[in-house]
Amino acid sequence: MAQFVNAATDANPRTINRLIKTIVFAGGLTSIGIELSASRLIAPYFGDSTFIWANLIGLTMLYLSLGYAIGGRVADRYPQPEVLCLLTALAGFTAGVIPIVAHPILQVSLDAFDSVSIGAFYGSLLGVLLLFAIPITLIGFVSPFALRLLVRDVATAGHTSGGLSAVSTFGAIAGSFLPVLILIPLVGTAKTFYILSIGMMAISAAGLLILRSPRGAVIASSLVGLLLVIIGIFGGGRIKPPYEGTLVYETESQYNYIQVLEDNGEYLLALNEGQAIHSVYNPNSILTGGPWDFFTVGPLFSESFNPANVHSAAIVGLAGGTAARELSVAYPGVAIDGIEIDGKIAELGKRYFGLDTVPKLNLIIEDGRYYLNRTQNRYDIVAVDAFDQPYIPFQLTTTEFFQTVAAHLNPGGAAVINVGRTETDFRLIDVISSTMREVFPYVFAIDVPGYNNTMLVGLSSPASIDAFAHNAEQLPSDSIARQVADSSIAHGNIRPGPSGGEVFTDDHAPVELVTDLLILDAAREGDSP
């Protein structure tokens with residue numbers, strides 16, 4: 001270190017000041033960019049729940065705090081801009097190797113989830129989060145180091161400190177938008193890490209050249225070259241192994257990590273941590289045997305049901321369009337508003353899942369609740385299938401949301417909600433059902449055979465299980481709604497929706513806490529989550 005500390009520089013002081021401020025800007029950008037990119041690196045394995053974000057943000061703040069404290073001491077001992085440039089070059093390098101080192105650790109999480117080993121599962125999460133310790137801590141060095149280098153007079157220390165904070169914040173603002181809106185959608189998570197890290201190292205190397213430190217510039221440039229070699233050898237391959245079957249296509253969108261899989265002639269859609277299938281397409285079959293089939297039977301509970309009067313439906317969480325295909329066959333001529341927040345998923349739905357074959361489908365790329373809040377359309381069926389597996393977005397589980405849904409239903413119309421559970425733990429079903437009962441006088445539950453899903457059906461008009469059975473008998477025997485209804489009656493898995501549980505509101509809807517407890521209890525009991 002001394003050889004750089006003692007090195008004299010004849011660079012213009014104004015040029016040095018600009019360089020330091022550029023590094024401060026880059027540090028703010030890179031720290032926030034890494035944090036946001038980290039969420040996407042982790043999401044295919046752990047999801048992006050508030051639990052994940054709390055750990056990610058909390059540890060990032062911890063690492064930055066350590067960097068501020070240690071960096072201030074280092075700056076006092078080695079108050080040279082060359083040292084700052086070398087530290088940021090090292091920060092960039094360690095950030096760039098994160099996605100490469102993380103993958104074997106993340107693979108442990110998949111094996112742990114399959115074997116229901118909760119310790120290894122969360123241990124691998126902690127292992128990945130610890131990977132961010134070195135680059136984020138080193139980036140934390142930047143602010144105190146820059147302040148130490150730029151403060152020449154106590155009388156102007158406040159001005160200098162405020163200016164550096166502003167520059168760092170502007171960098172953080174850029175880091176908030178650049179990865180999410182541009183880099184990740186265009187090049188993916190791993191390459192976003194590489195771009196951020198190489199950018200940081202390039203600025204550091206250029207700074208060392210400006211400071212007339214050729215040895216330092218060689219070291220920084222060598223780190224760039226070494227990272228490129230590591231990326232070339234270890235940086236290729238898939239983001240994640242397929243959940244099941246064979247991988248046909250994988251990509252990242254603004255909202256999701258997406259896999260299209262093929263298994264026994266069927267296309268499957270898996271998202272993020274991939275512990276569920278979000279769409280199924282078999283060109284030779286409409287029915288899937290899964291929860292999508294049950295959206296077709298929601299209206300059968302109504303005592304005034306007439307299949308000829310089912311003219312319109314809305315699907316919140318269209319995904320690849322499995323439910324839309326089934327509804328269009330069950331009720332010929334039905335007009336469907338398919339609402340999907342992720343346009344990339346809808347694009348893949350057309351390419352792999354027959355979405356473009358659904359007649360009278362109005363594709364809406366928008367948040368589902370936002371769309372319902374602003375549309376005047378009314379429907380005979382509102383289907384909600386918006387899992388962010390294993391979580392349901394909290395805003396789609398509240399009294400206020402179900403009031404909005406009810407306001408958009410025609411008389412006799414049904415709201416059908418797909419809710420997850422385990423084989424033995426129905427606490428999330430109980431909560432959502434109790435919340436729906438605050439709005440709908442009639443709520444029913446259908447447990448999907450062979451799946452850890454329960455379909456909750458809410459109606460405002462008179463409805464009953466007897467009406468369900470009667471209406472099923474009136475349908476043609478080859479009707480897919482009749483086949484699903486007969487199967488449900490035969491399995492005896494239809495019951496009144498439970499009541500008396502907690503009620504979710506927009507102000508208090510701890511759906512992720514309920515789901516996390518469900519998963520933890522399942523792991524302790526050795527059940528499949």
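Reply: What follows starts with the salt bridges and then moves to their surroundings.

The model is a predicted one. Its protein chain has 19 helices and 12 strands, and 55% of its 529 residues are buried. The count of salt bridges comes to 8.

One of them pairs the side chains of Asp 76 and Arg 148, at 3.2 Å from N to O. This pair links distant parts of the chain: Asp 76 belongs to helix 3 (residues 50-77) and Arg 148 to helix 8 (residues 142-150), 72 residues apart. Asp 76 is exposed because its relative accessible area is 52%, where exposed means over 50%. Arg 148, at 35%, counts as partly exposed.

Glu 347 and Arg 351 meet in a salt bridge of 3.1 Å, N to O. Both residues lie in helix 13 (residues 343-352), 4 residues apart, or about one turn of the helix. An α-helix has 3.6 residues a turn, so residues three or four places apart point the same way. Glu 347 is partly exposed at 37% relative accessibility, and Arg 351 is partly exposed at 43%.

A further salt bridge joins the side chains of Asp 425 and Arg 427, at 2.7 Å from N to O. Asp 425 has 13% relative accessibility and therefore counts as buried, whereas Arg 427 is partly exposed at 26%. Shared partners also join salt bridges into one network, made of Lys 344, Glu 347 and Arg 351.

The largest nonpolar core has 62 residues, and Ile 34, Phe 132 and Phe 145 have the most contacts inside it. Helix 2 (residues 13-46) supplies the largest share of this core, 13 residues. Apart from this core lies another, of 38 residues, including Ile 315, Ile 381, Ala 414 and Ala 481. Leaving aside neighbours within four places in sequence, Phe 145 is in contact with Gly 71, Val 74, Ala 75, Tyr 78, Gln 80, Val 83, Leu 84 and Leu 87.

The loop between strand 4 and strand 5 holds Gly 289, which is partly exposed at 42% relative accessibility. Not counting residues up to four places away in sequence, Gly 289 touches Val 448, Pro 449 and Tyr 451. The C-alpha atoms of Gly 289 and Val 484 are separated by 8.6 Å, although the two residues are 195 apart along the chain. Over the protein chain, 74% of contacts between residues at least 6 apart in sequence join residues at least 24 apart.

Last is the surface. The accessible surface of the protein chain is about 21,400 Å², and 58% of that belongs to carbon and sulfur atoms. A nonpolar patch of about 860 Å² includes Phe 25, Phe 170, Leu 186 and Ile 195. Helix 9 (residues 157-187) gives the most to this patch, with 7 residues. Leu 186 lies in helix 9 and, at 67% relative accessibility, counts as exposed.

Definitions and conventions
Residues numbered from 1 in each chain as written. Predicted model: local features only at pLDDT ≥ 70, side-chain atom pairs only at ≥ 80, totals over all residues. Heavy atoms only, no water. Patch = residues over 30% accessible without salt bridge, like charges linked within 9 Å, V, L, I, M, F, W, Y side chains within 5 Å. Areas by Shrake-Rupley, 256 points an atom, 1.4 Å probe, with all protein chains shown as cover. Salt bridge = Lys/Arg side-chain N within 4 Å of Asp/Glu carboxyl O. Helix = DSSP H or I, 4+ residues; strand = E, 2+ residues; numbered from the N terminus. Buried < 20%, exposed > 50% of the residue type's maximum accessible area, 1.4 Å probe, protein only. Contact = heavy atoms within 4.5 Å. Core = buried A, V, L, I, M, F, W, Y, C linked by side-chain atoms within 4.5 Å.
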